[in-house]
Each structure stands twice: as structure tokens, then as C-alpha cells.
Amino acid sequence: MNRILVVEDEKPINDLIVMNLSEAGYECTSALDGLAAADILERESFDLVLLDIMLPGADGYELLDFIKPMGIPVIFITARGSMADKVRGLRLGADDYLVKPFEIVELLARVEAVLRRAGKGSDVIEIGGLSIDTRSLTVSRGSKPIALTAKEFDLLLLFVQNRNIALFRETIYERIWGGDYMGDSRTVDLHVQRLRKKLHWEDKIKTIYKVGYRLEI
């Protein structure tokens, strides 16, 4: 299980991030200021740090200098959204830069991507009786392979990476099909129905009325 340190001084935002990452299967520790985060980093090991820039005690840039020798990847999460701020953060060594406000689904995707690039993400995900190999793009239950189309595999991975989180139909469509959602849910609904049937996950992929779907694991 990957360990993530969330350094964010606004407690409601910190709590929300920790809650969603925990539900997605990550082990999280939180800090509300830069000095507390430095103390935690000296005592414990982490696979990733989510770091605000405007922090009391020591700001995000100072803390990034402290973290870099440890070899821990860092994602800046900040309200400072100018191009100059983004360029500065990335040039100083951040692995990604996410501007508030953001969708949790985007945060989870970026966390997964950074962990994968850092060699800390697993190629095989074991969940709900399935083995999902993200390198070979195959799915199996025990020794029995399950044939999925490319879109069905992408849809499964989206649900797994956002398990226990309600996903809007428009979010699903934009992430899987890469275009603007025009309000026609038939494409999304059809693929979800086929995926449920192939995986025997009729009781796990729940329909959320007037919203979309949620994988409950």
C-alpha cells in the first residue's frame, strides 16, 4: 500500500483529500504546516507528498528543497495557478502541479500517474476477486481470463482508481472517450452494463440516480 503525506493548512481540504485517497486504497498522513511536515518526514517514509505552497511555518518551496534529497515525488496542490507559478514549481523539482479547485477524480489520476512514473505503482491490481494487469492490459479471475474491449478496460481502470467515489456520467465520458459530453448517456450506460455482466459485478458497480456510477468495494 502506497503511503502519502498530505501537507495542506486548510483542514477541511486536508480532510477531504485524506478521506478520498484512503477510500482509493492509499495510506495517508496529514500535516497542517511546513514545520510539522518536516518533522513527520524525518520520522517516517512516504511514497508521495501532496504539498500546498502557501503554508505556515515553512512554505511549500522551502519544504520541496527539504524533500528532494529524500527522492520522494511531490505534487504541488495550490491556488496559485499562474503560468509563472507552475513553471517555477516544476523547475524547482515538483513532479506535477494541480491548481485548486480540482476534481477528486483528477487528483487520483495524477497521483496514480506520478507513482507509476516513480516506479512505486503496481502493474497488477488485485480487487474484488480480479487481477488487473495495467502493463499487459489484461484482466483475469483466478486463472480464467476475461475478454474486455479497450474501452471496457479503460472504464474498469477508471472505476478501480476511483473506487467508492461517485463518478458523473460526463466525467466518465470525458475521461474514456476524450470528448465533450453532450448529454446522451447511452454510450456510457451501455459500456457500464456490458462491464458489469462480464465481471459479474452487478452488485458492485452501483447506479447513482441522476449522477452516474460508483464502484463499491
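**Notes on a predicted chain**

1. Let's start with charge. The chain carries 29 positive and 34 negative side chains, and 7 Å separates the centres of the two sets. Keep in mind as you read on that this is a predicted model.

2. Next, the overall build. Eight helices and twelve strands make up the secondary structure of the chain. Its radius of gyration is 19 Å, close to the 17 Å that the globule rule gives for 217 residues, so the chain is as compact as a globular protein of that length. The C-alpha trace spans about 50 × 40 × 30 Å along its principal axes.

3. Of the 217 residues, 46% count as buried. The chain exposes about 11,000 Å², and 52% of that area is supplied by carbon and sulfur atoms. As for the contacts between residues at least 6 apart in sequence, 55% of them join residues at least 24 apart.

4. After α1 comes Gly25, with a positive phi near 105 degrees.

5. Which residues of α1 are buried? They are Asn14, Ile17, Val18, Asn20 and Leu21. What do these buried residues pack against? Their partners are the strands β1 (3–7), β2 (27–31), β3 (48–51) and β4 (74–78), together with helix α5 (104–117).

6. Gln161 belongs to helix α6, which runs over residues 150–161. Is Gln161 buried or exposed? Its relative accessibility is 16%, and because buried means under 20%, Gln161 counts as buried. Setting aside neighbours within four places in sequence, Gln161 is in contact with Ala24, Leu108 and Glu112.

7. Asp133 sits in strand β7, residues 130–133. With a relative accessibility of 22%, Asp133 counts as partly exposed, since that class lies between the 20% and 50% cut-offs. Which residues does Asp133 touch, not counting those up to four places away in sequence? They are Asp123, Val124, Thr138 and Phe153.

Notes:
Residues numbered from 1 in each chain as written. Predicted model: local features only at pLDDT ≥ 70, side-chain atom pairs only at ≥ 80, totals over all residues. Heavy atoms only, no water. Helix = DSSP H or I, 4+ residues; strand = E, 2+ residues; numbered from the N terminus. Rg over C-alpha atoms; globule rule 2.2 N^0.38 Å. Buried < 20%, exposed > 50% of the residue type's maximum accessible area, 1.4 Å probe, protein only. Contact = heavy atoms within 4.5 Å. Areas by Shrake-Rupley, 256 points an atom, 1.4 Å probe, with all protein chains shown as cover. Lys, Arg positive; Asp, Glu negative; His and termini not counted. Charge placed at Lys NZ, Arg CZ, Asp CG, Glu CD.
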